[in-house]
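I opened this entry to keep track of what I looked up, one item at a time.

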Amino acid sequence: MTEDVVISGRSLATALGNSLDETWESLLAGRRGIRAVDTFEGTDFPCRQAARITGIDEQSLDLSRRESRIMDLHSFILMKCSVEAMDASGLAGLEGAAGDTGFFAAIGMVDYRPEDLTGGIAASRDEQGETDYDRFFEKNYREIFPLWPLSMLNNIALCQVAVRLGLRGENTVFSPHADSGLQAVAEATATIAEGRNRAVLAAGTGEKVSDASQARALLHGILDTRHQANPCQPFSVNREGSVLGEGGGVVLLEPRSRIIERGLDPAVAISGYGATFGQANPAQGTTGPSRDAIARAMKTAIESAGRRPEEVDLVIAHGDGTLNGDQQEWDAIDALFSTPRSKIRLYSSKGNLGNLLAGAPLVDLILAERMITAGVIPPVFGTDETESIAGSRLVTGEPLAMEPQVILINAFSYEGQANSLLIEAVG
Amino acid sequence: MGGIKNRNRRVVVTGLGMATPLGLSVSESWDKALQGISGIGPLNYPDAASAPVQAVGQVSESDWNEIVAAFPEQAATQGEKRTLYALWAARSALDDSGIDAGNSDPGRSGVMLAAGAPINRLEDIGPWIDPEGNFDSRRFSNEFEQVHRESIMRNNTHRPSALVAAHYGLGGPNGTISSACASATQALGLAFRSIQRGESDVMLAGGADSMINPVGLVFFVLLGAANTTRDDPGSACRPFDRKRAGLVMGEGAGVVTLEEEQHALERGARIYGEVTGYGSSMDAHQVTAPDPKGVGAARSMATALSDAGIAPEAVDYINAHGTGTKLNDMAETLAIRNTFGEHANRLMVNSSKPLTGHLLAASGGPEFVFTALSVHQDRVHPTLNLTNPDRKCDLDYVSEGQRQAVIGTALSNSFGFGGQNASIIISKYRQ
């Protein structure tokens, strides 16, 4: 029999706080991290709201200028959360432990900072304002910082953490959407279960809110461009789209017996996983997964844990507030959990935290663990029960006292990937 | 979940596909590789006569036109070349395997592909720089819909794996790996595990990449890793040679069909070999250079050997990462020596990069194809351009020409910028 793989350390950062406690208390209090942001002040983007992180930078992480020059927000979040998760587990100080620790991370698209390139490009313009490539190639590309290319590689953030913590185990960087976050957790879990590493960090960080990421999200058609006051309303009949959020989370996974030896008391085991593909509307290209793909992912995750749908207490939905995405997801959930015995409840964190893309599932996983230990589910922000397409299944209004034992977490891509993860309380 | 429930699920290679500077046909590309004909040539890109890099491995214009003709709808709507390369290589791998995607269980077939650094075009920024040299966010916010079709804002790294799955109706696990130059080998390794664990029966795996664009052409020059000499392009990439002068970029894709053994046997598939082991590691040294002692690389190979349950002496051939940079080739040589001990003297080691150029995130794809063909045909292609032996690179690099030898087991290495390493093992299939 395979031993349980459990969470032994965790850390997250969101627009509601750079710690689990801060974020959790804010969620229970119904606070919201989404607001009009300075970045888009003076711009005419049709959506100028986002959920931004503050207070994580090179100073707070005690990084050298040399290190931080090739880092951006996603790297800072990954570094902070990885160090804290290792510390919380008690593994950081154990001789030789880091060397046998693996690292699977999901990292969103990494965008350039215009100022990194403007010097070289501006100096290469001809009299008509067009780029003169001869000028650029002959000399002006050297205006670019020589290590700038490293900052554009998705994997460098993971490698910097590996250097800081001395991690040498199995590893992969997945990208760029939410599904990749669950893939990182699933692969990390399997790596431990198969005995290839004794501990593995599973991580996810989203994209920095910037002109480029906002433009990409708008071009993908996923942002709420209608509600200026209350954008991103998961599962609401009034939903119009999502809002980008910054943040991410890291968990350290280990075999259960190993952390009990260290005197820790595990609360959650990773027990099931399903991954599928199927576009909801191929003609439109980037509409996210179909209800069939979502249903198959959830079913596979439940069955791989040896469970039945009626044993699931809570679904932490992808629930990004998009018109088509939420409908596909709710239809799949409604069909799979339609048995009379199912008392399934539904939650989404995106109304409060924004859409963290690759970072979302790790934050949801850490919140799920807290829901199990605290015996309470925060309310979904921005959606009233009377306006919910999921009816009373959706947790709205006030925090709900319940003791979930089995939680399913969904995470999707805007290209059609659908992943689900099942976690269970262990006592 | 959590682990390989049934260790008896064996994974075999049943289809090979490529789109590289050597061509679009696997058999023709393999023939060229054996004969030592390089696909690297002079750069052919608009307005790039002054680019610091002039030797590149490009998919030829005629081959590109053939790809466009094969996928006219995607060519018209999709931005990046790599997405089209992925489609071509995936189609080849499926055709070669004989699998009819339409008649297979779609939920049991998936895709795992590598994707490299997002492309950053000067055109993403240039039009919105104001007279003072600053980026004009306001104007950009009104005009972002005008960004180039290859822009990072229109293309995400998931696009190739999604498009392949959508085109062939593959509804199983689907993922994108972004571990720099280790990506494709990691994609192959994770696809192997997916089948082993019973999550899927068939996986298309490998990678596609292209950075032949204005930013890409200076990318590795800035890092000091590119060959900027004006040597004859065909001899510019010189892995393990004393006069090696840096990597030479290539572009394209390598995708293979991995299949659960019984699934393949039941339909009478041709089997090129069996994937028997996979391992990865991190250098944890520094992100700007590989560990000169090759500790991470050695760990990656040792992990793959352990995963396969074989002794180092069982390996006959290594398809090296072999980039032709000073640091990589030395570190990899040392890592092979430390992993294989005395047996390192009996190993055949080659690099495919002088043939195709460095396909970056995708490099492990075509190199896996060549490794599988070596195991299947007992032939190894030569390492081109190794004419000045380096005393610190002292293995048998098969520099004199193709070689015929029994290859029971082969290993393919891929190492990524930053310090991620991956190794995968293919063995001769025995029922």
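I started with A:Ala184, which lies in helix H8 (residues 178–193) of chain A. The model is predicted, so I read every value as computed from it. Is A:Ala184 buried or exposed? I found 29 C-beta neighbours inside 10 Å, and the cut-off for buried is 20 or more, so A:Ala184 counts as buried.

Next I listed what A:Ala184 touches, leaving out residues up to four places away in sequence. The list has A:Phe104, A:Ala105 and A:Ala106, then A:Phe174, and then A:Ala202, A:Ala203 and A:Gly204. I also checked A:Leu362. A:Leu362 is 178 residues from A:Ala184 in sequence, yet their C-alpha atoms are 9.2 Å apart in space.

I moved to helix H3 (residues 73–89) of chain A. Its 17 residues should span 24 Å at 1.5 Å a residue, and the end C-alpha atoms are 24 Å apart, so expectation and model agree. H3(A) is mostly covered, with 14 of its 17 residues buried. What comes just after H3(A)? I found A:Gly90 there, with a positive phi of about 80°.

Then I looked at where the chains meet. On the chain A side I counted 82 residues in contact with 73 residues of chain B. Which element of chain A gives the most to that side? It is strand E8 (residues 268–277), with seven residues. By class, I noted 44 nonpolar, 26 polar and twelve charged residues on the side of chain A that touches chain B.

Chain B came next. I read off 13 helices and 14 strands. The C-alpha atoms fill a box of roughly 65 × 55 × 40 Å along the principal axes. A compact globule of 431 residues would have a radius of gyration near 22 Å; chain B has 21 Å, which agrees. Buried residues make up 68% of the 431 residues in chain B. I also checked the contacts in chain B between residues at least 6 apart in sequence: 81% of them join residues at least 24 apart.

My last item was a helix pair in chain B. Helix H7 (residues 183–196) packs against helix H13 (residues 364–377) at an angle of about 60°, with the axes 7 Å apart. That angle makes H7(B) oblique to H13(B). Which residues meet? From H7(B) I noted B:Ala184, B:Thr185 and B:Leu188; from H13(B), B:Gly364, B:Gly365 and B:Phe368. By class, this contact has three nonpolar, three polar and no charged residues.

Terms used: Residues are numbered from 1 along each chain as its sequence is written. Chains are lettered from A and ligands numbered from 1 in the order in which they are written. This is a predicted model: local features need pLDDT of at least 70, side-chain atom pairs count only at pLDDT 80 or more; totals for chains, interfaces and linings use all residues. Two residues are in contact if their C-beta atoms, placed from the backbone, lie within 7 Å. Helices (H or I, at least four residues) and strands (E, at least two) are DSSP runs, numbered from the N terminus. Ala, Val, Leu, Ile, Met, Phe, Trp, Tyr, Cys and Pro count as nonpolar, Asp, Glu, Lys and Arg as charged, and the others, Gly among them, as polar. The radius of gyration is taken over C-alpha atoms; the globule rule is 2.2 Å times the number of residues to the power 0.38. A residue is buried if 20 or more other C-beta atoms lie within 10 Å of its own, exposed if 12 or fewer, and partly exposed in between; C-beta atoms are placed from the backbone. Axes are lines fitted to C-alpha atoms, for helices over the stretch in contact, and angles run from 0 to 180 degrees between N-to-C directions. Angles under 35 degrees count as roughly parallel, over 145 as roughly antiparallel, 65 to 115 as roughly perpendicular and the rest as oblique. The expected span of a helix is 1.5 Å times one less than its number of residues.
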